[in-house]
Amino acid sequence: ISNFDLEKARASVSKCNDPAIVDKLSDAELYDLWAKQVTGNDKRHFYDHDFDDLEDFVGPAENMGAEAGRRALEMAELDPLELDEVIVATFTPGMDISHAACSVAGILGARNATGFTLNTACHGFMTGLIKGHQGIKCGDYKNVLVIASEELTKKVNFKDPSTVSLFSDGAGAVVLQASNNGILDHYSRLEPSSHIQLENRQGEEDYISMPGGPRVLRKAIESMVGASKKVLEDLGLSINDVNLAIPHQGNGRIVTGYEKGMELPGDRVVNVMKYIGNPSGASVPISLDMVVRASRGEQYSISNFEDTEDDRKLMEHLKQYKIEKGDNVLLAAVAGGYTYGAALTKWAF
């Protein structure tokens with residue numbers, strides 16, 4: 001990476017590692033160690049023509065989203081024809097028109113549903129979740145599919161070390177249904193800022209940039225913690241009433257900062273950043289899916305192969321988190337803009 005300051009990075013990683021060993025690292029090894037230390041992730045996922053050969057291929061975000069939606073419907077034992085609404089959060093669609101929700105509904109065969117596409121970046125899933133919940137609460141819908149799907153690696157500048165080591169591709173989804181459980185309360189706000197933006201640089205591709213530096217990290221932690229505590233306060237609940245919290249996996253320091261700010265033990269705050277990178281709005285539903293399936297004893301694979309060493313490490317890591325029927329699960333996210341929010345859900349099954 002041409003803009004990577006090797007000496008500054010060497011000084012940074014030497015604070016947490018043996019300087020004698022750090023001095024012997026090659027440039028590539030130094031960057032790898034620096035990236036892991038700064039972001040907290042060991043792995044990022046790149047879309048690699050997974051669906052390109054399908055007859056219904058629209059674009060990576062749309063087809064990844066449809067696959068996530070299909071798996072969520074399967075877990076909910078719901079036919080796509082029973083869906084009333086499809087909400088897709090993305091800012092990396094393969095096509096602008098038809099919009100992503102229309103394309104995903106078409107791929108899934110959700111012919112009886114309405115829907116829309118939204119863009120609140122890393123807060124996209126939370127926005128969709130709140131809007132879907134409101135539609136059900138008003139009595140307009142019974143079954144809503146909420147999807148977040150991003151091909152972020154096409155929006156990073158590979159000359160920019162602050163973004164290239166962080167962002168990942170992926171999709172996650174949930175099914176919302178009318179019930180006595182579900183979302184108990186939510187809180188969401190926006191605060192205009194230019195600390196994170198998608199910008200066009202001298203006629204090149206649009207790239208994500210983060211000129212805010214450390215301010216982005218502080219704001220991410222403060223806003224998610226503040227929104228989470230606001231939801232609990234409005235419900236007359238305390239931190240002790242939270243069985244599990246799933247914050248946006250922005251980077252490892254954001255997740256641990258949220259954990260400290262909420263004063264929750266590590267086994268009640270999901271941190272899978274090192275396994276998935278930062279897939280923007282998809283990070284919360286992906287993390288939720290991991291914990292739900294692990295709690296059910298299902299094997300969770302993050303690779304294209306079964307029973308890899310990475311999969312075994314992930315399954316061992318997921319054992320510390322549990323979701324059971326009736327648990328209070330707190331979800332929180334923050335995005336460039338800024339937009340941020342939280343929702344407390346009572347797990348229904």
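Predicted model: local features only at pLDDT ≥ 70, side-chain atom pairs only at ≥ 80, totals over all residues.
Trainee: How many helices and strands does the chain have?

Mentor: Both are DSSP runs, numbered from the N terminus: helices are H or I with at least four residues, strands are E with at least two. The chain has twelve helices and ten strands.

Trainee: What is the radius of gyration of the chain?

Mentor: The radius is taken over C-alpha atoms, and the globule rule is 2.2 Å times the number of residues to the power 0.38. For 349 residues the rule gives 20 Å, and the chain is close to that, so it is as compact as a globular protein of that length. Its radius of gyration is 20 Å.

Trainee: Which residues of α5 are buried?

Mentor: Buried means under 20% relative accessible area, with exposed over 50% and partly exposed in between (1.4 Å probe, protein chains only). An α-helix has 3.6 residues a turn, so residues three or four places apart point the same way. In α5, residues 100–108, the buried ones are Ala 100, Ala 101, Ser 103, Val 104, Ala 105 and Leu 108.

Trainee: Which residue follows α5?

Mentor: Its phi is positive, near 80°. The residue is Gly 109.

Trainee: Is Thr 153 buried or exposed?

Mentor: Thr 153 is found in the loop between β3 and α7 (161–164). Its relative accessible area is 10%. Therefore, Thr 153 is buried.

Trainee: Which side chain makes a polar contact with the side chain of Thr 153?

Mentor: A polar contact is a pair of N or O atoms within 3.5 Å; within protein, one must be able to donate a hydrogen and the other to accept it, and residues adjacent in sequence count only if both atoms are side-chain atoms. Here the distance is 2.7 Å. The partner of Thr 153 is Asp 169.

Trainee: What is the polar contact distance between the side chains of Thr 120 and Thr 127?

Mentor: Thr 120 sits in the loop between β2 and α6 (124–137). Its side chain reaches that of Thr 127 at 2.8 Å.

Terms used: Residues numbered from 1 in each chain as written. Heavy atoms only, no water.
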